[in-house]
Structure formats: C-alpha cells, structure tokens
Amino acid sequence: MGRLDGKVALITGGARGLGAEGAQAMAREGAKVLITDILDAVGEQTAQGIRDAGGQASYVHQDTTEESHWPAAIRAAVDTFGGLDILVNNAGIEIVKTLADTTMEDLQRISAINEHGVYMGIKYAVDPMTERGGGSIINLSSVAGMQGFLGLTAYCMSKGAVRLLTKAAAVELARMGTKIRVNSVHPGVIQTTMGQRLFERYVDYGLAEDYADAEAKFTERHSIGRLGRPEDVANLFVFLASDESSFITGEEHVIDGGLISD
Ligand SMILES: NC(=O)c1ccc[n+]([C@@H]2O[C@H](COP(=O)([O-])OP(=O)(O)OC[C@H]3O[C@@H](n4cnc5c(N)ncnc54)[C@H](O)[C@@H]3O)[C@@H](O)[C@H]2O)c1
C-alpha cells in the first residue's frame with residue numbers, strides 16, 4: 001500500500017529541482033502525478049523517468065502566471081487521472097539583488113510567479129478538490145518568508161506573502177467546509193539549480209570570495225552541517241499530501257537543518 005494510493009497530484013514547476021523530486025516521491029507512494037512547467041523538454045523527460053520506474057505521470061505546459069493556463073492544467077489532471085487531490089504550488093524564481101538594484105520590473109516578475117501564481121493555483125483547485133471531498137495544497141515559501149536575507153528583499157517579500165496567503169486560505173477553506181488543507185513549506189538552502197545560483201550571485205555581488213566560499217558560508221549556517229537535499233523536501237511533500245497530516249492546516253513547515261541567521 002502506498003501512502004498516496006488513489007490520489008492525483010498536480011505539481012507546478014515540476015520539471016526539475018524540488019518539484020521533480022516531489023513528483024517522483026509522490027509517484028512512488030502511488031499518486032498519479034501531473035507535472036507542469038515552462039521547460040517542456042525537461043518536464044517531458046521527468047514524467048518519462050517516473051513512468052520508466054513504474055509510476056504514473058504526465059506532463060503539460062503551464063506558465064503559472066497566465067490565468068488561462070490554470071483551468072487548462074487542472075482540466076488536464078482531471079481528464080488524464082480522474083480528479084485532483086493534491087496541488088503543490090512549487091514553481092518559483094529567485095532574484096538576488098540589493099533593494100537599491102531591484103527594479104519595478106523585477107518586483108512585478110517575482111510577484112507574478114511567486115505570489116500571484118500560487119494564489120491562482122489555490123483559487124482554481126478549490127472546485128475540483130471539493131468535488132473529491134477535500135484535498136491538500138502545499139505552497140512553497142522559504143526560510144526567506146520568515147526572516148530577512150541580504151540581497152533577497154524581493155524574494156523575501158514574495159515568500160512572506162505565500163506564508164500569510166496559506167494561513168488565510170487554510171482558515172477560509174476549512175471554515176467553508178471544503179475539507180481542503182493548505183500548508184506552506186519553508187526550506188533552507190537546498191541543492192538545486194536555484195540553490196547553486198544563489199551562491200553564484202553572492203560571488204557576483206562580492207558577498208563571497210568564490211563559489212566554494214559562498215557554499216561554505218551557507219553550509220555553516222545550517223546547524224546540521226550540510227545543505228538540504230531535494231529528497232529532504234520531497235519527504236515533507238509526501239507527508240503533507242497524505243492523510244497522515246489530516247489535522248494539519250494553515251501551518252508553516254520549516255525544513256532547514258536548524259538554520260541560524262547572520
Ligand atoms: N532550492 C532552494 O534552496 C529553495 C529554498 C527555499 C524555497 N525554494 C522554493 O522551492 C521552489 C522550487 O525551487 P527549486 O530549488 O526546485 O528551483 P529550480 O529553479 O530548480 O526549479 C524551479 C522550477 O520552476 C519552474 N518555473 C519558473 N517559473 C515558472 C512559471 N512561471 N511557470 C511554471 N513553471 C515555472 C522552472 O522552470 C523550474 O523548473 C521555488 O518556489 C523556490 O522558491 C527553494
């Protein structure tokens with residue numbers, strides 16, 4: 001028996017990184033997984049890899065900032081796999097710039113993906129999940145949604161919004177009797193493309209001598225003594241998606257190896 005047998009999951013930004021690892025972990029636990037992304041070739045490969053390993057997965061193109069893509073992606077999950085039980089609002093970007101260097105264009109772009117995309121995901125998941133008698137929505141925030149970091153003002157702002165959006169949606173959807181739970185996940189630095197780019201940008205900004213120095217500085221702050229691995233976060237996705245977490249909603253789940261601030 002898989003922990004997610006009979007459930008259907010939609011994972012945005014699932015072509016690579018945390019989304020891809022989460023898709024693989026959920027499929028191993030019996031979920032049928034629809035991966036969406038803007039990186040079509042990589043997304044198709046990730047879905048194929050899951051099928052090759054005996055899981056059920058499909059890929060469709062979705063830019064989470066385009067409102068018209070949301071009903072289409074959800075319809076794809078319902079048509080392909082029969083419904084929607086789990087939504088992982090994982091698609092996100094990071095902009096590493098000081099407050100002074102951040103342009104209004106940067107701010108609008110990061111808000112569109114990291115905040116508005118998540119908002120639309122929740123909005124469009126409500127009806128199909130209600131039809132199934134409930135569901136679980138997992139929103140990717142960050143430790144940067146809970147504390148400040150140098151060079152991450154716009155990112156912190158967007159991830160802080162996800163934290164409170166999660167709480168507001170969780171209360172409303174529970175009180176309206178939908179049986180839809182909404183939780184946020186707050187990773188520390190995880191070894192993905194985004195994690196690597198953070199170090200590169202710290203070097204560009206003169207905040208670290210070189211890549212190895214940036215990596216060492218961030219590793220040091222994770223008390224457990226290593227950076228996060230995608231599978232660390234994927235395990236949390238599985239728990240929050242499963243009925244094991246059925247009394248948990250509106251909660252912020254920090255997964256950061258005991259990160260300490262500057
Ligand atoms: N890696 C970390 O250290 C870390 C830490 C905290 C939070 N997070 C969050 O976790 C999530 C996943 O991060 P990751 O490390 O896997 O990043 P990543 O850059 O490796 O992957 C992000 C994925 O999102 C996709 N994406 C970006 N914009 C999109 C859009 N508009 N529509 C659809 N897909 C889009 C990308 O194509 C990519 O496949 C993000 O929300 C990120 O902010 C990551």
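Keep in mind that the model is predicted.

Let's start with where the ligand is. It sits in the largest pocket. Residues from domain 1 (8-188 + 229-254) and from domain 2 (189-227) both belong to the shell around the ligand, so the ligand lies between these two domains.

Who are the neighbours? The ligand has 28 residues around it, and the ones that come nearest are Leu18, Asp37, Tyr155, Ile190 and Thr192. Sorted by class, the shell has 13 polar, 11 nonpolar and 4 charged residues.

At least two shell residues come from each of α1 (17-28), α5 (153-175) and α6 (193-204). The largest share is from α6, which gives 3 residues.

| Residue | Atom on the protein side | Distance to a ligand oxygen |
|---|---|---|
| Threonine 192 | N or O atom in the side chain | 2.5 Å |
| Lysine 159 | N or O atom in the side chain | 3.0 Å |
| Glycine 188 | polar backbone atom | 3.5 Å |

How much of the ligand's surface does the protein bury? Taken alone, the ligand exposes 830 Å², and the protein buries 95% of that.

Terms used:
Residues numbered from 1 in each chain as written. Predicted model: local features only at pLDDT ≥ 70, side-chain atom pairs only at ≥ 80, totals over all residues. Heavy atoms only, no water. Near = heavy atom within 4 Å. Polar contact = N/O pair within 3.5 Å; in protein donor to acceptor, adjacent residues only side chain to side chain. Areas by Shrake-Rupley, 256 points an atom, 1.4 Å probe, with all protein chains shown as cover. 1 Å grid on protein atoms, 1.4 Å probe; cavity = no way out; pocket = protein on both sides within 12 Å on 5 of 7 lines; lining within 4 Å. Sits in = over half its atoms within 2 Å of the grid points. Helix = DSSP H or I, 4+ residues; strand = E, 2+ residues; numbered from the N terminus. Nonpolar A, V, L, I, M, F, W, Y, C, P; charged D, E, K, R; others polar. Domains from an automatic or database assignment.
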